[in-house]
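Please look over the model shown here.

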Amino acid sequence: MGADDLECEETVSKVATRPYRVGDPQPSAHPPQIPGHDASLSPAWLWLWAKTDRNGLSRHRGGPAWNSLLAHCLDTAAVCGELFDHYLALPARTRLTEAFGGGSTAKARQTLMLLVALHDMPGKATPANQLRFPKIRDRSLAAAGQDWRVAATANGLPLDGTHRPAPPHAHVTARYLPALLGCLCAHCTGDQHTPDARHTALHTVAALLGGHHGHIPDSGSIRAGETRLTPQWSGAHRDLLHELARLLDVDLTELPDLIRPARACVLPLFAGLVVHSDWIASDETRFTYRTPDTTGTDTDLWWERSRAEAATAIQELRLTRWQPAPLTWAEQMPTTPHPRPPQQAIIDAKITGQSLVIIEDVTGGGKCETAQYLMHRLALTAGYHGAYFALPMCAASEQVAGRLARYLPAVLPDSQNANLAVVHASAHASEIGQALAGAPHPADPGLTNLTTCDGIEPDEDPTVLLDAWYYQRCRGLLSCFGVGTVDQIVLAAQKSKHWFLRLYGLANKTVVIDEAHAYELYQQRLLGATIAWLADAGASVVVLSATLPPHQRHALVEAWCAGLRTQTSDPRPDGPITVVDDLGRCRTIVPRRGKSRTKHRTRIRLIADPGPQALATRLLTQHTTGVTTVILNTVARAEQLHQAVLDQAEKEGWTQEEILLLHGRYFERDRARHQASLEAKLGPHPDPELKATTANPARPHRLILIGTQVLEQSLDYDTDHLYTDLCPYDLIQQRRGRQWRHLLNRLGKQHLAPLTHVLWTPDASGLPRLPRVGEPAPYDPYILAATWHALHEHMPTHAPLTITSPTDVQRILTTIYTDPPPTGTTPIHRLLHSLHPHWLRRLREESAQAEHRELWPYPDGEPTTVLNLASGHSQGAGDDDNPLGARSRLGTPSIDIIGLYQHPNRVTWDPEGREEADLDHYHPYKDSTRYRHQRRQLILNTVRIPQYWIGPKGLPHPSTWTAPQGAALAKLPVLLLQPDGHPVDPQLAHLSYRPHTGLSRKTPPENG
């Protein structure tokens, strides 16, 4: 459907008078005389309310119980102006200038401020909505509402009579604002004989304003915003509009001609700017309420206060564009001042302005530092306000956040402070979240808790700050700097609540996507859609990968150019470094080979899995020195091997402390502790000044580490010996990247190539035993078979296979992902051809799931319309399990469980009973400190289980589990444990939890 499908049909009720049209005489500052109205009183529209003091903050300061609609409009306009000046990236601001100012930055700023101010007008300025104040449930507010009604009526606001229930005020704005701004179509005038004079852009803007609560309304919702308006109410709308235009210095007669949103990206950019401005202006801790009886009626003073409070709010929230100075690599990276060959190749490329950069290099090759260098250079040359780093999992973001916190002070200008947000579901439980919550010892000396920072002197050194404002839903991406999961990028191109706000936040940044090879096709498709939007908005994207299959690289370039509406000069670049500019010009960069080839060579040996007992014996007897890591594909296999090793450890002279287990089924507090301990022991030297020259003194003489996929991504640890289950070859390379990651820990042995053992289980025919088609499994059986075939085919008879990166890696990846599969008559070829159709069907299903949800800026080559962007509750919020709504990933559905411990007289967060669990209800604003602390504790005690555990043959539904009383646990699944880790509820007897081994399920047999 096009924008013209916002039908201009006659509806049930009509505006009682012809709406104001651009060109009509300007009304006076006071409304028309109303019978019984004293002209000496203040204008009636000054008594329209926008917000009531539900949290009591205004009255606590001695202020009024309600805030004027004009005051909130002015506050929002002032915030918009500050964001336009200081926050928006220069490319995004240029696009908004083209769409709302005819190329004039000053006019675009004024136009946007007025439009943003109108997000609640006329929606809240209707009799049905205004009469909600005296009927509010809070008795104190209801009494204030009665006082307001008396005063408002005395000042001419027509509140008498009965009215239908108020439609959503945002939809009322979408319905009536086009007419108020000058559209003369039949729908706006109520005259079906009016010649077609529809101003499509005004209807588009009104619909976007109608989405400021998260969902852009469709045409039906806008029509349902119809309400009864008397001449007096229509006059109040016109007068309030003109007062806003006067204060903002906007010429309403030229406004319709200035609004020309031609680019698709302008729609989410504008919608995001509206919500961003509204949320800040609605912060009662930063903006004061104003009413005519408490503040006076001089609206010029109101506007002056709005501007002052907006400027302070933007400064306090650190919503200011990064202003980097030119710096060399050594100045940015003082602890690693000498760039490696791929890093030097990026430096020499002198990438300038908007770009897509794809970097393929071995794990541990310094891609994160390269991305940091690029985010600085792109901010310098293109004017971005910061960057967002996207990782595959929540756990991975903690490490990268720490790196950024240490990096930013070196590259921020003197006295500039940056806000660094952690953006994922467990952010409150992260170490950075702990610093935010006011912990006495922040996670990193570079992190400062903004909530306890009294002030920053202008001459202080740059500091990385954290503000609690960003930990509320959807706000993290608004921070100039952020680290989180890739889910935020995947959701940015799907209809869901506030989806456009995610896109708006990302569009002002350099977006870094790490571990690009690790995402399923569904995510790859949606990443492509978001990249197209970002390209249209002028953002830059940096993609990092250790092993990127050629088809993924080509798809990324194609998506980028789709957003630019151009064709690339090279549709099939080879890498390892690919750069595409804002015109689609593509160049490939091949770094020179460094002196050390250790990290570029791998020896791989296929070995038949002897079973947990025999493998345990091998680990304990053959690897008596060094760190040995075993990465298995399922939690069940990891638990079995771990138990087998423990059973034999004492016999072979090992202690339990030398045998570790790590997987994804720990409470967050235990997982974080294990991960921190792992990196402290097996990572580089903890002192940044020594990590490049000195081995880690805490590294143990020997250790056996057993785990699952959590060990393969973004953890900075180093292992000597590596065993891995058969998995897709690109992930074998990813896992191998943890082997000899820090060569200083292997002094005297750098000349050898590491040996990776790939475990596989033969069936009766000698082929690998694979998961059954269609059953839950981490990896598709076809890709596993193709990986085994590619390795087996090249494997020497009596020696490991030696692979050199990137040449051999790309050749093997091409063999595995080729379509059709390799031809031949051997059993493995027949197996591949039998599995291939199922693989293709799975890809089609994932592609269809993505196609059902994805939003592209230029479908069929034409700009998308606002109706294509409309959403509703059926699309969900992007963070729930709605099967029909927006989803960041497919895979096996899961359930988050809260774990608590039952002691004789109390319930605690910990098995020792040291910290009692406070389960009372706390208001997020009225009691924010205790609310944030409680939320953090709940997240720290959360563990995720597969949904297929629940069912007739498994666990009963969580709603039937024994749980303690507590308002904070409403509707949350709770696993109540005894101090020894066994559940209190006898129907859960086959579950157990141990802080050192995680959640286990003994019966029935586990699938994964």
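## Overall make-up

The protein has 32 helices and 25 strands. The model is predicted. Of the 1008 residues in the protein, 60% are buried.

Helix H4 (residues 105-117) meets helix H13 (residues 266-281). Their axes come within 10 Å and cross at roughly 65°. The crossing is right-handed. H4 supplies Leu-112, Leu-115 and Val-116, while H13 supplies Phe-270, Leu-273, Val-274 and Ser-277. Six of these contact residues are nonpolar, one is polar and none is charged.

Helix H7 (residues 169-181) and helix H9 (residues 200-209) make another crossing. Here the axes come within 8 Å, at an angle of roughly 145°. H7 also passes H9 in a right-handed sense. On the H7 side, the contact residues are Thr-173, Ala-174, Leu-177, Pro-178 and Leu-181; on the H9 side they are Leu-202, His-203, Ala-206, Ala-207 and Leu-209. The contact of H7 with H9 has eight nonpolar residues, two polar and no charged.

## A covered helix

How many residues of helix H22 (residues 499-507) are buried? The count is nine of nine. The buried residues include Trp-499, Phe-500 and Tyr-504, and also Arg-502. Among the elements that cover them are helix H2 (69-86), H13 and helix H23 (521-537). Strand E4 (386-391) and strand E9 (509-513) also belong to this cover, as does helix H21 (487-491).

His-498 sits in the loop between H21 and H22. Its phi is near 65°, a positive value in a residue other than glycine. Is His-498 buried or exposed? Its relative accessibility is 6%, and the cut-off for buried is under 20%, so His-498 counts as buried.

## Aromatic pairs

The structure holds 12 aromatic pairs. One of them joins Trp-329 and Tyr-373. This pair is tilted, with 5.6 Å centre to centre and 40° between the planes. Trp-329 lies in helix H16 (residues 329-332) and Tyr-373 in helix H18 (residues 367-382), so the pair ties together parts that are 44 residues apart in sequence. Both Trp-329 and Tyr-373 are buried.

Elsewhere, Trp-49, Phe-133 and Trp-148 form one aromatic cluster.

Most residues other than glycine have a negative phi, and most peptide bonds are trans. The sites below depart from that pattern.

Gly-575 and Pro-576 are joined by a cis peptide bond, with omega about 10°. Pro-576 is in the loop between helix H24 (550-564) and strand E11 (577-581). Arg-565 lies in the loop between H24 and E11 too. Its phi is near 55°, a positive value in a residue other than glycine. Arg-565 has 47% relative accessibility, so it counts as partly exposed.

Another cis peptide bond joins Asp-819 and Pro-820, with omega about 5°. Pro-820 is found in the loop between helix H30 (807-817) and helix H31 (827-853).

## A strand hairpin

Strand E24 (residues 991-994) and strand E25 (residues 998-1001) run antiparallel and are joined by four bridges. They form a hairpin with three residues between them. Arg-994 has Gly-998 in E25 as its bridge partner.

Conventions. Residues are numbered from 1 along each chain as its sequence is written. This is a predicted model: local features need pLDDT of at least 70, side-chain atom pairs count only at pLDDT 80 or more; totals for chains, interfaces and linings use all residues. Side-chain values use heavy atoms; hydrogens and water are left out. Two strands pair if DSSP finds at least two bridges between them. Helices (H or I, at least four residues) and strands (E, at least two) are DSSP runs, numbered from the N terminus. Axes are lines fitted to C-alpha atoms, for helices over the stretch in contact, and angles run from 0 to 180 degrees between N-to-C directions. A crossing is left-handed if the near helix is turned anticlockwise from the far one by less than a right angle, and right-handed if clockwise. Contact means heavy atoms within 4.5 Å. Ala, Val, Leu, Ile, Met, Phe, Trp, Tyr, Cys and Pro count as nonpolar, Asp, Glu, Lys and Arg as charged, and the others, Gly among them, as polar. Rings of Phe, Tyr and Trp (its six-membered ring) pair if their centres lie within 6.5 Å; planes under 30 degrees apart count as stacked, over 60 as edge-to-face and the rest as tilted. Buried means under 20% relative accessible area, exposed over 50%, partly exposed in between (1.4 Å probe, protein chains only).
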